[in-house]
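Student: Could you go through this structure with me, one part at a time? I would like to begin with a helix.

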Amino acid sequence: MTGDHALPVRVPTPRHYLMCPPRYFAVEYSINPWMDPDRPVDTELAMRQWTTLRDTYRELGHTVDEVPPQPGLPDMVFAANSGTVVDGRVLGSRFRAPERAAEAEHFRRWFVENGFRDVTMPRQINEAEGDFVWTGRVLLAGTGFRTDPGAHAEAQEALGVPVVSLHLIDERYYHLDTALFVLSGESDGATPAETPARVADPGARVADSGARVADPGARVAGSGDRVAGSGGDGGGAAGPARAQIAYYPEAFSEGSRRVLARLFPDAVQATAADAECFGLNGISDGRHVVLPVEATGLGDQLTERGYEVRFVDISELRKAGGGPKCCTLEIRK
Ligand code: ARG
(Lines give C-alpha, C1' and ligand atoms only; values in the text may rest on other atoms or scores of the structure.)
Protein backbone atom coordinates (compact mmCIF):
# COMPACT_ATOMS: atom_id res chain seq x y z
CA MET A 1 0.00 0.00 0.00
CA THR A 2 2.74 2.47 0.76
CA GLY A 3 5.22 3.86 -1.69
CA ASP A 4 7.95 6.40 -1.16
CA HIS A 5 5.57 9.25 -1.79
CA ALA A 6 5.82 12.04 0.74
CA LEU A 7 3.61 11.62 3.80
CA PRO A 8 1.23 14.38 4.74
CA VAL A 9 2.58 16.83 7.27
CA ARG A 10 0.41 16.48 10.34
CA VAL A 11 0.33 19.47 12.64
CA PRO A 12 -0.54 18.85 16.30
CA THR A 13 -2.74 21.31 18.20
CA PRO A 14 -2.30 21.64 21.99
CA ARG A 15 -5.32 20.30 23.84
CA HIS A 16 -6.92 20.79 27.22
CA TYR A 17 -8.17 17.62 28.87
CA LEU A 18 -10.08 16.84 32.02
CA MET A 19 -9.40 13.49 33.68
CA CYS A 20 -10.22 11.69 36.93
CA PRO A 21 -7.75 9.30 38.59
CA PRO A 22 -9.08 5.73 39.03
CA ARG A 23 -8.46 5.84 42.79
CA TYR A 24 -11.73 3.98 43.49
CA PHE A 25 -11.80 2.04 40.22
CA ALA A 26 -13.50 -1.37 40.38
CA VAL A 27 -15.94 -3.52 38.44
CA GLU A 28 -18.77 -3.90 40.95
CA TYR A 29 -21.71 -3.99 38.55
CA SER A 30 -22.16 -4.81 34.90
CA ILE A 31 -23.66 -2.23 32.55
CA ASN A 32 -21.86 -3.26 29.37
CA PRO A 33 -20.71 -6.61 27.95
CA TRP A 34 -17.08 -6.02 28.96
CA MET A 35 -17.80 -5.80 32.67
CA ASP A 36 -17.57 -8.99 34.69
CA PRO A 37 -17.77 -8.32 38.44
CA ASP A 38 -16.33 -11.81 39.12
CA ARG A 39 -13.08 -10.98 37.37
CA PRO A 40 -10.53 -9.37 39.69
CA VAL A 41 -9.41 -5.81 39.03
CA ASP A 42 -6.06 -4.40 40.12
CA THR A 43 -6.79 -0.81 41.13
CA GLU A 44 -3.11 0.04 41.61
CA LEU A 45 -2.32 -1.19 38.12
CA ALA A 46 -5.23 0.86 36.78
CA MET A 47 -3.74 3.89 38.55
CA ARG A 48 -0.35 3.29 36.92
CA GLN A 49 -1.86 2.82 33.47
CA TRP A 50 -3.95 5.95 33.88
CA THR A 51 -0.94 7.94 35.13
CA THR A 52 1.03 6.90 32.05
CA LEU A 53 -1.85 8.03 29.86
CA ARG A 54 -2.03 11.41 31.62
CA ASP A 55 1.74 11.85 31.44
CA THR A 56 1.71 10.96 27.75
CA TYR A 57 -0.67 13.86 27.14
CA ARG A 58 1.55 16.20 29.14
CA GLU A 59 4.67 15.10 27.26
CA LEU A 60 2.83 15.90 24.05
CA GLY A 61 2.31 19.42 25.34
CA HIS A 62 -1.32 19.14 26.38
CA THR A 63 -2.87 20.55 29.55
CA VAL A 64 -4.51 18.04 31.86
CA ASP A 65 -6.78 19.04 34.75
CA GLU A 66 -8.07 16.55 37.25
CA VAL A 67 -11.42 16.12 38.94
CA PRO A 68 -11.13 14.60 42.43
CA PRO A 69 -12.25 10.94 42.41
CA GLN A 70 -15.10 9.92 44.71
CA PRO A 71 -15.47 6.73 46.73
CA GLY A 72 -18.45 4.67 45.61
CA LEU A 73 -18.17 5.85 41.98
CA PRO A 74 -15.88 3.21 40.44
CA ASP A 75 -16.51 4.34 36.83
CA MET A 76 -15.71 7.98 37.49
CA VAL A 77 -12.36 7.51 35.74
CA PHE A 78 -14.34 7.61 32.48
CA ALA A 79 -14.47 11.38 32.41
CA ALA A 80 -15.57 11.52 28.79
CA ASN A 81 -19.07 10.59 29.92
CA SER A 82 -19.50 13.71 32.01
CA GLY A 83 -19.41 16.61 29.62
CA THR A 84 -19.39 17.86 26.06
CA VAL A 85 -17.62 21.18 25.69
CA VAL A 86 -17.60 23.22 22.49
CA ASP A 87 -16.55 26.88 22.33
CA GLY A 88 -16.53 27.08 26.12
CA ARG A 89 -20.15 25.95 26.37
CA VAL A 90 -20.64 22.95 28.59
CA LEU A 91 -23.38 20.37 28.23
CA GLY A 92 -23.23 18.06 31.24
CA SER A 93 -24.50 14.53 31.44
CA ARG A 94 -27.35 12.39 32.65
CA PHE A 95 -26.42 8.74 32.98
CA ARG A 96 -28.60 5.83 32.01
CA ALA A 97 -27.31 3.56 34.81
CA PRO A 98 -28.30 4.63 38.34
CA GLU A 99 -24.87 3.41 39.53
CA ARG A 100 -23.22 6.26 37.62
CA ALA A 101 -25.81 8.99 38.09
CA ALA A 102 -23.96 10.86 40.84
CA GLU A 103 -20.86 11.40 38.68
CA ALA A 104 -22.61 14.10 36.67
CA GLU A 105 -22.87 16.51 39.61
CA HIS A 106 -19.15 16.23 40.51
CA PHE A 107 -18.19 17.26 37.01
CA ARG A 108 -20.84 19.98 36.82
CA ARG A 109 -19.38 21.46 39.98
CA TRP A 110 -15.86 21.33 38.54
CA PHE A 111 -16.98 23.32 35.51
CA VAL A 112 -18.79 25.91 37.57
CA GLU A 113 -15.89 26.29 40.00
CA ASN A 114 -13.46 26.64 37.12
CA GLY A 115 -15.15 29.62 35.56
CA PHE A 116 -17.41 28.06 32.93
CA ARG A 117 -20.49 30.24 32.84
CA ASP A 118 -22.52 28.47 30.22
CA VAL A 119 -23.24 25.08 31.80
CA THR A 120 -26.41 23.22 30.84
CA MET A 121 -27.53 19.96 32.40
CA PRO A 122 -29.45 17.72 30.00
CA ARG A 123 -32.99 16.47 30.53
CA GLN A 124 -32.61 13.41 28.35
CA ILE A 125 -30.19 10.55 28.98
CA ASN A 126 -26.89 11.94 27.71
CA GLU A 127 -23.53 10.23 28.21
CA ALA A 128 -21.63 13.19 26.86
CA GLU A 129 -18.43 12.61 24.88
CA GLY A 130 -19.04 8.90 25.16
CA ASP A 131 -21.70 9.50 22.52
CA PHE A 132 -20.83 12.96 21.19
CA VAL A 133 -17.82 13.48 18.94
CA TRP A 134 -16.91 16.97 17.74
CA THR A 135 -15.31 17.13 14.29
CA GLY A 136 -14.74 20.88 14.22
CA ARG A 137 -17.91 21.51 12.26
CA VAL A 138 -20.52 18.98 13.25
CA LEU A 139 -21.22 17.03 16.39
CA LEU A 140 -21.53 13.34 15.62
CA ALA A 141 -23.99 11.83 18.05
CA GLY A 142 -24.46 8.17 18.90
CA THR A 143 -27.58 6.43 20.11
CA GLY A 144 -28.77 2.86 20.46
CA PHE A 145 -27.55 1.84 23.90
CA ARG A 146 -26.99 4.85 26.15
CA THR A 147 -27.71 8.39 24.97
CA ASP A 148 -31.35 9.02 24.03
CA PRO A 149 -31.98 10.25 20.50
CA GLY A 150 -33.79 13.21 22.07
CA ALA A 151 -30.50 14.23 23.66
CA HIS A 152 -29.13 14.89 20.20
CA ALA A 153 -31.62 17.70 19.59
CA GLU A 154 -30.98 18.98 23.10
CA ALA A 155 -27.23 19.09 22.39
CA GLN A 156 -27.79 20.98 19.15
CA GLU A 157 -29.83 23.58 20.99
CA ALA A 158 -27.54 23.89 24.04
CA LEU A 159 -24.27 24.00 22.13
CA GLY A 160 -25.50 25.67 18.96
CA VAL A 161 -23.79 23.21 16.65
CA PRO A 162 -25.21 20.96 13.94
CA VAL A 163 -25.74 17.41 15.15
CA VAL A 164 -25.59 14.29 13.00
CA SER A 165 -27.25 11.25 14.59
CA LEU A 166 -25.66 7.84 14.19
CA HIS A 167 -27.14 4.52 15.23
CA LEU A 168 -25.02 1.97 17.08
CA ILE A 169 -26.05 -1.68 16.69
CA ASP A 170 -23.40 -3.80 18.44
CA GLU A 171 -23.71 -3.87 22.23
CA ARG A 172 -19.94 -4.19 22.64
CA TYR A 173 -19.66 -0.75 21.07
CA TYR A 174 -22.28 0.84 23.23
CA HIS A 175 -20.84 4.36 23.10
CA LEU A 176 -19.96 6.18 19.89
CA ASP A 177 -16.41 6.73 21.17
CA THR A 178 -15.80 2.97 21.23
CA ALA A 179 -16.39 2.80 17.47
CA LEU A 180 -15.19 6.12 16.03
CA PHE A 181 -12.72 8.91 16.72
CA VAL A 182 -11.42 12.03 15.00
CA LEU A 183 -7.84 11.91 13.71
CA SER A 184 -7.72 15.49 12.54
CA GLY A 185 -10.52 17.94 13.11
CA GLU A 186 -11.58 20.62 10.69
CA SER A 187 -9.86 23.26 12.76
CA ASP A 188 -6.57 21.37 12.85
CA GLY A 189 -3.91 22.68 10.56
CA ALA A 190 -2.93 19.34 9.13
CA THR A 191 -4.84 18.96 5.96
CA PRO A 192 -3.58 21.50 3.42
CA ALA A 193 -0.35 19.59 2.98
CA GLU A 194 -2.23 16.37 2.81
CA THR A 195 -3.71 16.60 -0.65
CA PRO A 196 -0.49 16.64 -2.67
CA ALA A 197 0.77 13.55 -0.89
CA ARG A 198 -2.25 11.54 -1.82
CA VAL A 199 -2.47 9.04 -4.58
CA ALA A 200 -3.54 10.91 -7.67
CA ASP A 201 -4.63 7.96 -9.73
CA PRO A 202 -6.48 5.37 -7.69
CA GLY A 203 -5.68 2.71 -10.25
CA ALA A 204 -1.98 3.24 -9.74
CA ARG A 205 -2.32 3.14 -5.92
CA VAL A 206 1.05 4.77 -5.38
CA ALA A 207 1.80 8.21 -6.68
CA ASP A 208 4.98 8.78 -8.65
CA SER A 209 7.57 9.60 -6.12
CA GLY A 210 8.99 12.99 -6.88
CA ALA A 211 5.86 14.22 -8.56
CA ARG A 212 3.97 15.55 -5.55
CA VAL A 213 0.81 16.56 -7.31
CA ALA A 214 -0.37 14.99 -10.50
CA ASP A 215 -3.05 17.58 -11.07
CA PRO A 216 -3.42 20.06 -8.27
CA GLY A 217 -6.66 21.32 -9.75
CA ALA A 218 -8.23 17.92 -9.40
CA ARG A 219 -7.81 17.70 -5.62
CA VAL A 220 -9.95 14.63 -5.21
CA ALA A 221 -8.21 11.37 -5.91
CA GLY A 222 -11.31 9.42 -6.83
CA SER A 223 -13.04 6.58 -5.08
CA GLY A 224 -11.24 3.77 -3.38
CA ASP A 225 -9.63 4.01 0.01
CA ARG A 226 -7.33 6.89 -0.65
CA VAL A 227 -9.48 9.87 -1.38
CA ALA A 228 -7.90 13.23 -0.75
CA GLY A 229 -8.98 15.21 2.24
CA SER A 230 -10.60 18.27 0.75
CA GLY A 231 -12.94 18.99 -2.09
CA GLY A 232 -16.07 16.95 -2.58
CA ASP A 233 -19.34 17.80 -0.95
CA GLY A 234 -18.24 17.59 2.68
CA GLY A 235 -15.47 20.13 2.93
CA GLY A 236 -16.73 22.65 0.43
CA ALA A 237 -14.27 24.26 -1.93
CA ALA A 238 -13.84 27.44 0.09
CA GLY A 239 -14.23 25.95 3.56
CA PRO A 240 -11.66 24.31 5.75
CA ALA A 241 -10.56 20.80 4.89
CA ARG A 242 -12.89 18.23 6.30
CA ALA A 243 -12.11 16.17 9.33
CA GLN A 244 -10.51 12.79 9.04
CA ILE A 245 -11.90 10.05 11.24
CA ALA A 246 -11.30 6.38 11.98
CA TYR A 247 -14.24 4.05 12.62
CA TYR A 248 -15.43 0.49 12.74
CA PRO A 249 -18.25 0.24 10.17
CA GLU A 250 -19.84 -2.91 11.61
CA ALA A 251 -20.74 -1.06 14.81
CA PHE A 252 -23.19 1.13 12.87
CA SER A 253 -26.57 0.60 11.25
CA GLU A 254 -26.73 0.41 7.48
CA GLY A 255 -28.03 3.97 7.15
CA SER A 256 -25.44 5.38 9.53
CA ARG A 257 -22.68 3.66 7.56
CA ARG A 258 -23.91 5.43 4.49
CA VAL A 259 -23.95 8.74 6.35
CA LEU A 260 -20.35 8.19 7.47
CA ALA A 261 -19.22 7.20 3.98
CA ARG A 262 -20.83 10.35 2.59
CA LEU A 263 -19.36 12.71 5.18
CA PHE A 264 -15.95 11.06 5.48
CA PRO A 265 -15.02 9.29 2.25
CA ASP A 266 -11.36 9.30 3.25
CA ALA A 267 -11.92 7.77 6.69
CA VAL A 268 -9.70 5.04 8.07
CA GLN A 269 -11.78 1.90 8.47
CA ALA A 270 -10.74 -0.34 11.32
CA THR A 271 -10.92 -4.11 11.55
CA ALA A 272 -12.80 -6.16 14.14
CA ALA A 273 -9.49 -6.90 15.90
CA ASP A 274 -8.69 -3.20 16.22
CA ALA A 275 -12.19 -2.47 17.50
CA GLU A 276 -12.10 -5.26 20.09
CA CYS A 277 -9.03 -3.90 21.82
CA PHE A 278 -10.63 -0.42 21.96
CA GLY A 279 -8.49 0.87 19.11
CA LEU A 280 -11.31 3.24 18.10
CA ASN A 281 -11.18 4.76 21.56
CA GLY A 282 -8.09 6.69 20.52
CA ILE A 283 -7.10 10.28 21.12
CA SER A 284 -5.50 12.43 18.45
CA ASP A 285 -4.11 15.96 18.53
CA GLY A 286 -3.97 16.07 14.75
CA ARG A 287 -0.57 14.44 14.64
CA HIS A 288 0.02 12.21 17.66
CA VAL A 289 -2.49 9.43 18.15
CA VAL A 290 -2.71 7.62 21.48
CA LEU A 291 -3.92 4.05 21.00
CA PRO A 292 -4.18 0.89 23.11
CA VAL A 293 -1.03 -1.17 22.63
CA GLU A 294 -2.94 -4.02 20.98
CA ALA A 295 -4.24 -1.83 18.12
CA THR A 296 -1.30 -2.59 15.86
CA GLY A 297 -3.19 -2.89 12.58
CA LEU A 298 -4.82 0.48 13.07
CA GLY A 299 -1.48 1.87 14.21
CA ASP A 300 0.06 0.80 10.89
CA GLN A 301 -2.76 2.37 8.90
CA LEU A 302 -2.29 5.65 10.76
CA THR A 303 1.48 5.63 10.38
CA GLU A 304 0.99 5.22 6.63
CA ARG A 305 -1.10 8.37 6.70
CA GLY A 306 1.51 10.42 8.48
CA TYR A 307 0.28 10.15 12.07
CA GLU A 308 2.64 9.39 14.92
CA VAL A 309 1.23 6.64 17.09
CA ARG A 310 1.81 6.40 20.87
CA PHE A 311 0.75 3.10 22.36
CA VAL A 312 -0.48 2.83 25.94
CA ASP A 313 -1.50 -0.17 28.01
CA ILE A 314 -5.07 0.20 29.28
CA SER A 315 -5.77 -3.47 30.04
CA GLU A 316 -7.21 -2.84 33.53
CA LEU A 317 -9.52 -0.05 32.39
CA ARG A 318 -10.77 -2.21 29.54
CA LYS A 319 -12.24 -4.58 32.15
CA ALA A 320 -14.85 -1.86 32.70
CA GLY A 321 -15.30 -1.33 28.96
CA GLY A 322 -13.12 1.74 28.61
CA GLY A 323 -9.98 2.92 26.84
CA PRO A 324 -7.88 6.09 26.45
CA LYS A 325 -10.66 8.29 25.10
CA CYS A 326 -13.16 7.21 27.78
CA CYS A 327 -10.73 8.58 30.37
CA THR A 328 -10.43 11.91 28.58
CA LEU A 329 -12.90 14.78 28.35
CA GLU A 330 -11.76 17.51 25.97
CA ILE A 331 -12.27 21.12 26.92
CA ARG A 332 -12.64 23.29 23.84
CA LYS A 333 -12.65 26.93 24.78
N1 ARG B 1 -18.16 1.11 32.68
C2 ARG B 1 -18.44 2.33 31.99
C3 ARG B 1 -19.85 2.32 31.46
O4 ARG B 1 -20.30 1.29 31.03
C5 ARG B 1 -17.44 2.53 30.90
C6 ARG B 1 -17.61 3.85 30.20
C7 ARG B 1 -16.68 4.03 29.06
N8 ARG B 1 -16.72 5.34 28.56
C9 ARG B 1 -16.78 5.71 27.29
N10 ARG B 1 -16.65 6.96 27.01
N11 ARG B 1 -16.96 4.85 26.35
O12 ARG B 1 -20.53 3.31 31.46
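Student: Which residues of helix α3 are buried?
Tutor: This is a predicted model. In it, helix α3 spans residues 149-159, and its buried residues are Ala151, His152, Ala155, Ala158 and Leu159.

Student: Where do the buried residues fall, seen down the axis of α3?
Tutor: They fall within an arc of 135°, so they line one face of the helix.

Student: And what covers the buried residues of α3?
Tutor: The covering elements include the strands β3 (84-86), β4 (89-91) and β5 (119-120). Also among them are β6 (132-134), β7 (139-143) and β8 (163-167).

Student: What comes just after α3?
Tutor: Glycine 160 is found there, and it takes a positive phi of about 70°.

Student: Let us change topic. Where is the place of arginine 310?
Tutor: Arginine 310 belongs to strand β14, which covers residues 308-312.

Student: Why is arginine 310 classed as partly exposed?
Tutor: Arginine 310 has 19 other C-beta atoms within 10 Å. A residue counts as buried with 20 or more and as exposed with 12 or fewer, so a count in between is called partly exposed.

Student: Which residues does arginine 310 touch, leaving out those up to four places away in sequence?
Tutor: Arginine 310 touches Thr56, His288, Val289 and Val290. Histidine 288 is 22 residues away in sequence, yet the two C-alpha atoms are 6.9 Å apart in space.

Student: Which strands make up the sheet with β14?
Tutor: The sheet is open and has 3 strands in the order β12-β13-β14, with mixed pairing. β12 (283-284) and β14 stand at the edges with a single partner strand each, so one side of each is left without a neighbour in the sheet.

Student: How many bridges pair β13 and β14?
Tutor: Strand β13 (residues 288-292) pairs with β14 over 5 bridges, in the parallel sense. Valine 289, for instance, has valine 309 in β14 as its bridge partner.

Student: What about β9: buried or exposed?
Tutor: Strand β9, residues 180-184, is mostly covered, with 5 of its 5 residues buried. It runs antiparallel to strand β10 (residues 244-247), and 4 bridges join the two. In one of these pairings, leucine 180 has tyrosine 247 in β10 as its bridge partner.

Student: Which residues come nearest to the ligand?
Tutor: Of the 16 residues around the ligand, the nearest are Phe78, Gly130, His175, Gly322 and Cys326. The shell divides into 6 nonpolar, 7 polar and 3 charged residues.

Student: Lastly, what is the mean pLDDT of the protein?
Tutor: The mean is 87, and 83% of the residues reach 70 or more. Over residues 190-239, however, the pLDDT is below 50. In the model, that stretch has 82 contacts beyond near neighbours in sequence.

Definitions and conventions. Residues numbered from 1 in each chain as written. Predicted model: local features only at pLDDT ≥ 70, side-chain atom pairs only at ≥ 80, totals over all residues. Near = placed C-beta within 6 Å. Nonpolar A, V, L, I, M, F, W, Y, C, P; charged D, E, K, R; others polar. Pairing = 2+ DSSP bridges. pLDDT = per-residue confidence, 0-100. Contact = placed C-beta atoms within 7 Å. Arc of directions from axis to C-beta.
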